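Biologist: Could you take me through this structure? I'll ask as we go.

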Protein chains: 2
Amino acid sequence: MTYGCIASMKTRPGFREEVVSLLLSAADGLRDAGCELYLVGLSEDDETTIWVTEVWRTREDHDASLELPAAKDAIGRAMPMLTGEFTKQEMSVAGGLGL
Amino acid sequence: MTYGCIASMKTRPGFREEVVSLLLSAADGLRDAGCELYLVGLSEDDETTIWVTEVWRTREDHDASLELPAAKDAIGRAMPMLTGEFTKQEMSVAGGLGL
């Protein structure tokens, strides 16, 4: 089964849109790296939480993607806008619709 | 922006595969109901947690889908296999890859 993860992060107040733009700009190169789904959502519970759901061909492809120059650049630019509160759930993808 | 939600449920021990099969069988009719993504994953943290990430054209489409006969049937069959522990995060979908 393919590898998936569901992550959340919190931004400092007022920075959520900017972090979302960074995440979306970094998405362009992910398909070639083995990414099948990269979904960015804004929590409706507050003004600072971002949810990211990802599906990758393999876990190794996901881990390797974090070392891509574009990813490292985006992470470096996003970090000062984040509070440091993260969650991450890893999963085996069973299937569904729209994948 | 389109509507999304990330939900989790826990099954009674030994019933996760059966519940996943139910969820996947119910996915067939969702596209016509306005569903753009329905992703079912098995948590790697334990043997009983299921994660479901959904993207819908509108929140109203999502809410209406729960009243579809196939959905009500699947929910009714799954409930005895679940512990009753659920989480749900609602979000506005900002974009991404593979949608």
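Modeller: Let's start with one pairing: in E4(B), B:Ala7 has B:Lys88 as its bridge partner. Keep in mind that this is a predicted model, where local features need pLDDT of at least 70, side-chain atom pairs count only at pLDDT 80 or more, and totals for chains, interfaces and linings use all residues. Residues count from 1 along each chain as its sequence is written, chains are lettered from A and ligands numbered from 1 in the order written, and side-chain values use heavy atoms, leaving out hydrogens and water.

Biologist: How many bridges join strand E1 to strand E4 of chain B?

Modeller: Strands here are DSSP runs of E, at least two residues, numbered from the N terminus, and two strands pair if DSSP finds at least two bridges between them. In chain B, E1 covers residues 3-11 and E4 residues 82-97, and they run antiparallel. The number of bridges joining them is eight.

Biologist: In what order do the strands of the closed barrel run?

Modeller: The barrel has eight strands with antiparallel pairing. Their order is E1(A)-E3(A)-E2(A)-E4(B)-E1(B)-E3(B)-E2(B)-E4(A).

Biologist: How many disulfides does a search of the whole structure find?

Modeller: A disulfide needs a pair of cysteine sulfur atoms within 2.5 Å. For A:Cys5, the nearest cysteine sulfur is that of A:Cys35, 8.8 Å away. Over all chains, the count is zero.

Biologist: Is A:Cys5 buried or exposed?

Modeller: Buried means under 20% relative accessible area, exposed over 50%, partly exposed in between (1.4 Å probe, protein chains only). A:Cys5 has 1% relative accessibility, so it counts as buried.

Notes
Helix = DSSP H or I, 4+ residues; strand = E, 2+ residues; numbered from the N terminus.
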